[in-house]
Amino acid sequence: MNNMKINLFLLALALIAPTVLYPVFLAKVLCFALFACAFNLLLGFAGLLSFGHAAFLGTGGYVTGYLMVNSGLTPELAIIVGTLAGALLGAVFGKLAVKREGIYFAMVTLALAQLVFFFYLQAPFTNGEDGLQGVPRGALFGLIDLSDNLVMYYFVLTIFIAGYWLINRTVHSPFGQVLKAIRENEDRATSLGYDVNQYKWLAFVISAALAALAGSTKTLVFELASLTDVHWHMSGEVILMTLVGGVGTIFGPVLGAGFIVTMQNYLSGGELGNYIHIIMGAVFVVCVLSFRSGIVGQLMKFKRNNF
Amino acid sequence: MKKTNKTVLSAVVSGVIAATMACGAQAATDGQVKLGVLADMGGTYADICGKGCVTATKMAIEDFGGNVLDKPIEIVSADSQLKPDIASAIARKWVEDQGVDAIGGLVSSAVSGAVSKVNADTKNITLISGSASNTFTTKTCNPYNVHWTYNVVALANGTVKPMVQAGKKKWFFITADYSFGHALEGMASKVINENGGEVLGHVRAPLGTTDFSSYILQAQASGADVVALANAGNDTVNALKAASEFGLTEQMDVAGLLVFTPNAQAMDPASAGGMRLTSGFYWDMDKETRDWSKRFEQRHGEIPSMIHAGVYSVTTHYLNAVKAAGTDESDVVMKKMKEMKPNDFFARNATLRPDGRMVHDMLYVEIKKQEERKDKNDIYKIIKVISGDEAYSPMQPQCNFS
C-alpha cells in the first residue's frame, strides 16, 4: 500500500511537471527512462550485460521515422511497427547472444550492434550523418494533433507508464522469479528443470522491444532520427544511467536517466560544455567506487538500516 | 487508507487542470531580441566556426550599440557537437522555451538542416553563415532561411570551372560523407561535365576522419589529373597531409574545394602553395577588411575565417532590419532584410534575394608559397574578384518568398 502511495505521488508529479519545466525536456527524460528500464530488465533481473542496446533504440527510431515520413501511418501505428522491428531484431540477436555468458555475451551484442550501426550509416533512407530530418509528429488515431508539446508530453507519459507497468509486471511474475533465479545461480536453475536459454532469450526480446519503443517515441518527440541513437556511445550511456540510478531496482533507472539527461542538458549550454564527457566519466567512477548500488539502492539501504 | 488515496487522486486531478491551463508556448515576438549561436566548440570545424563565431556575434552586437527596440540584445550560445539531433534539441529549447528570435553560426550542413526545420515550424529566423550546401535555398528552402557567406555553387563555379577550362579534364573526388560533401561533389561534377571534363570516380570518407591513407591510395590509382577534396576544416588538412606523404601532390593536382584561412595556415606551404580556391572573404583585401580583422584578432587570437566575417555581417544586417522594422516579428523582419541592401566590409555589391540567398562578390585566391609569405597570417594572394551573379546560380521559382 505504501508503494501505491509513492507511485500515485510520482504520477501527480509527472502530470504537473510541465507547468514548471519545458515539456520536450521532460519527454526526453521519459524516453531515456524507458530505455534505461528496458536495459535494466536484462542487466538487473537476468544478470545479462548487453553492450548493444543502442541498436534497438535506433532501429525503433529509424523505422518509426521512415514510416511517418513516407507512409502516412498514424503515429501510434508507426510506433507499434517500430517496436515490433526492434523486437524482431532482438529475437535474432538474442538467439545468437544467449549462447554465451559474461564478457562474451557483451562482446557479441556489441559486435552485432556495430553491424547495425554500419547498416544505418550506409543505407540511403537514413541520410547518413544528416539523419532522418523533419519527421512529422502526426495526429494520434488521426484525431489528436501531437504538434503541441504539451499534448506530446502526455502521450509520451502514457507510453512510459505502459512500458514501466509492463516491466514491473514482468519482474514480479513467475517468469521474473525464474529470471532472478538464473541471475543468482544459473546451474541450479538448470537443475530445477528450467530451460535457461529460453528464459534469457525471452527477457532479451522484451528488453529489445521496450528499447525500440523508447526510440520510436523519441523520434516523434524530436522529429528526427539520427546516428547518435545507434552509436555505441548510446549503449554506454544507458549502462551509466542504470548504474547511477541503481541496478536491479525498479525505479533506479528512471532516476538515473533523469540525472544524466539533466546533467547533459545543463552542461551543454554553459562554459563547461567542452568537459561534459570528463564530468560524466568522473560521475561514473565515483558511482562505481563509492555507491555501487546506485541512488535508489543506497536510499533503500538507508531506509532498511534506520527505520 | 481509502481516504488517503482519494486525497492523492484529487491532487492528481488538480494537477492536470493546472497543467492544461498553463498550456501555450512563450511567444518570440516579445520585443526582446535574443540571438542564439550554435557552433562547433571542440570538433573538426572548431577553428572555422567555434568560439570565434560567438566572438563575432558579440562584436556585431557591441558595434550595433548593444540595444535594439529599447532593450538590450541578449545572446546565448551552445556546442552543436556537429550532431543534428543535439542541434535540433537545442534549437527547439531556445525558440520554444527561452524566446530566442534567430539562430546563427551554424557550421555543418547537417546541423543547419536540422535547425532550419525547427525554425520553419516555429517561425524563427535561421541565419546560416557556416554551411555550404545549397539545399537551404533550393530543395529545402523556406521563408525563414538566410544563407550568407558562400555555398557549394559558388565554390564549384569559382574553383572547378577555371581548372577544367585550363585543360584538367579528369577528376577524382574525396568527399565528406554527409549532405555538404554530397552537395559539393554533385555541384562540382556538374560543372566538370558541362565544361567537357569527366569524373573518374569518388570515395566517401566519414566526417572527422584522421587517417586518409586508404582514400589517397584509391585516388592515386584512379589516373586522374586532379584530385578534388570535397571536404572542409581539419578533414582537408589531414587529407592534404596524407596526399603529400604518399607523393600524390607531385603526381597530380590537388584541389581543395573548400579551404578556410585557419586551415590554409595549418597546411604545409610546400604542398599547399600554389593551390587556387574560392573564398567569400580574405582578411588582407583592403583597409576595411584589415581594420575589422585586426579587432577580431585582438579578441580571438587568430585571424578571422570567412565564416567569422560572415557571422558578423549577417548579425549586423539582422539587427539593422529589426531596428528599421521596429519589431522582432519574423515575417516583418525577413521582409525588411530582403529590402535593405547589406553593405559592410564583408558584403560587397551584395543583395539578399527573396529566396534567402545572399549574393555578393567572391574571391578567387591562390595559397602563397613559403618564400612569398611575410608572416604567418600572410596566406592568400587574390587572383580576381568573381561577381556574385557569376558565382551563384539563379533563384528557383518555388523558392521565391517575396
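This passage walks through a predicted model, looking at chain A as a whole and then at the sheets and domains of chain B.

The model is predicted, and local features need pLDDT of at least 70, side-chain atom pairs count only at pLDDT 80 or more, and totals for chains, interfaces and linings use all residues. Residues are numbered from 1 along each chain as its sequence is written, while chains are lettered from A and ligands numbered from 1 in the order in which they are written.

The C-alpha atoms of chain A fill a box of roughly 50 × 45 × 40 Å along the principal axes. The radius of gyration of chain A is 19 Å, which agrees with the value near 19 Å of a compact globule, because chain A has 307 residues; this radius is taken over C-alpha atoms, and the globule rule is 2.2 Å times the number of residues to the power 0.38. Of the 307 residues of chain A, 50% count as buried. A residue is buried if 20 or more other C-beta atoms lie within 10 Å of its own, exposed if 12 or fewer, and partly exposed in between, with C-beta atoms placed from the backbone. Among the contacts in chain A with a separation of 6 or more, 77% link residues 24 or more positions apart; two residues are in contact if their C-beta atoms, placed from the backbone, lie within 7 Å.

In chain B, an automatic or database assignment gives domain 1 (34-150 + 285-360) and domain 2 (153-279 + 364-390). The centres of the two domains of chain B, taken over C-alpha atoms, are separated by 26 Å. Where they touch, 25 residues of domain 1 of chain B are in contact with 26 residues of domain 2 of chain B. On the domain 1 side of chain B, the elements giving two or more residues are helix H2 (46-49), H5 and helix H14 (306-325) of chain B. H5(B) provides the largest share of that side, three residues.

An open sheet of chain B comes next. Five strands form this sheet in the order E4-E1-E5-E6-E7, and the pairing is parallel; two strands pair if DSSP finds at least two bridges between them. Strand E4 (74-79) and strand E7 (145-147) of chain B stand at the edges with a single partner strand each, so one side of each is left without a neighbour in the sheet. From one strand to the next, the twist averages 20°, with axes being lines fitted to C-alpha atoms, for helices over the stretch in contact, and angles running from 0 to 180 degrees between N-to-C directions. Helix H4 (residues 84-97) of chain B packs on the sheet and touches strand E1 (34-39), E4 and strand E5 (102-105) of chain B, its direction making about 170° with that of E1(B). Helix H5 (residues 109-122) of chain B also packs on the sheet, touching E1, E5, E6 and E7 of chain B, and its direction makes about 160° with that of E6(B).

Strand E6 of chain B deserves a look of its own. Two bridges pair E5(B) and E6(B) in the parallel sense, and Ala102(B) has Ile125(B) as its bridge partner in E6(B). The chain crosses from E5(B) through H5(B) to E6(B) in a right-handed β-α-β crossover; right-handed here says that, with the strands pointing away from the viewer, the path from the first strand over the helix to the second runs clockwise. Three bridges join E6 (residues 125-128) of chain B to the parallel E7(B). Across them, Thr126(B) stands opposite Asn145(B), and Leu127(B) stands opposite Val146(B). Ile125(B) and Leu127(B) point one way from E6(B), Thr126(B) and Ile128(B) point the other way, and all are buried. Leu127(B) counts as buried because it has 29 C-beta neighbours inside 10 Å. Residues that Leu127(B) touches include Ile103(B), Trp148(B), Val314(B) and Tyr318(B).

Strand E8 (residues 170-176) of chain B has six of its seven residues buried, so it is largely enclosed by the rest of the structure. Seven bridges pair E8(B) with strand E9 (residues 198-205) of chain B in the parallel sense, with Val199(B) as the bridge partner of Trp171(B). E8(B), helix H7 (residues 179-194) of chain B and E9(B) make a right-handed β-α-β unit. Five bridges join E8(B) to strand E10 (residues 226-230) of chain B, and these two run parallel; there, Thr175(B) has Ala230(B) as its bridge partner.

Note on methods:
Helix = DSSP H or I, 4+ residues; strand = E, 2+ residues; numbered from the N terminus. Lists of a residue's contacts leave out its neighbours within four places in sequence.
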